[in-house]
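Colleague: I have the model open and would like to go through a few regions. Could you take my questions in turn?

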Amino acid sequence: MEFLDQIVYWHWLVLGVLLIGAEMLDGSGHVIWLGLSALLVGIIHWAVPGLPWLAQIIIFAMASILSIYAWKAYKKANPTVNEFPTLNRRGSNYVDRVFTLSEPIVDGVGKVKVDDTIWKVEGPDLSAGTKVKVVAIDGTSFVVEAA
């Protein structure tokens with residue numbers, strides 16, 4: 001363990017830069033806090049050159065845990081607002097719209113044509129040509145009622 005006594009401030013600074021660089025590859029948002037914690041320890045060790053290696057590791061661990069916890073608490077209090085909340089849920093765009101049944105609903109299942117796509121619909125039995133309103137989405141099916 002003698003090599004731990006030879007750790008100097010720039011070791012922490014290099015570790016911090018490497019961890020921040022690893023965040024660019026990982027993108028999880030966790031590694032950057034480890035990198036910033038390593039930079040913090042490097043700065044503290046530069047200011048206090050005789051800092052024991054055990055104290056350095058404790059500072060690194062505490063700073064890492066606290067920064068990750070603080071980040072998660074911040075993200076929970078300030079969630080990311082998405083400009084396109086239904087981007088990957090195409091069917092959600094059709095709720096409250098009215099369409100004409102292309103095939104009758106028999107035993108609760110039928111079909112409706114929307115633009116160039118045929119959608120499965122679920123609802124009360126209705127004849128083809130009836131106007132229906134989409135009230136919900138169930139997987140890849142429209143849940144409809146007579147309009």
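Colleague: Which residues of helix 1 are buried?

Modeller: The buried residues of helix 1 are W12, G16, L19 and E23; buried means under 20% relative accessible area and exposed over 50%, with partly exposed in between (1.4 Å probe, protein chains only). Helices (H or I, at least four residues) and strands (E, at least two) are DSSP runs, numbered from the N terminus. This is a predicted model: local features need pLDDT of at least 70, side-chain atom pairs count only at pLDDT 80 or more, and totals for chains, interfaces and linings use all residues. Residues are numbered from 1 along each chain as its sequence is written, and side-chain values use heavy atoms, with hydrogens and water left out.

Colleague: What do the buried residues of helix 1 pack against?

Modeller: They pack against helix 2 and helix 3 (53–77), where contact means heavy atoms within 4.5 Å.

Colleague: Which residues are exposed on the other side of helix 1?

Modeller: V17, L18, M24 and L25 are exposed there.

Colleague: Changing topic, is S37 buried or exposed?

Modeller: S37 is buried, with a relative accessible area of 3%. S37 lies in helix 2 (residues 31–47) and touches F60, A63, S64 and S67, leaving aside residues up to four places away in sequence.

Colleague: Which backbone oxygen does the S37 side chain reach?

Modeller: That of W33, at 2.8 Å.

Colleague: And where is T117 found?

Modeller: T117 is in strand 3 (residues 117–122). Not counting residues up to four places away in sequence, T117 touches R90 and V112.

Key: Polar contact = N/O pair within 3.5 Å; in protein donor to acceptor, adjacent residues only side chain to side chain.
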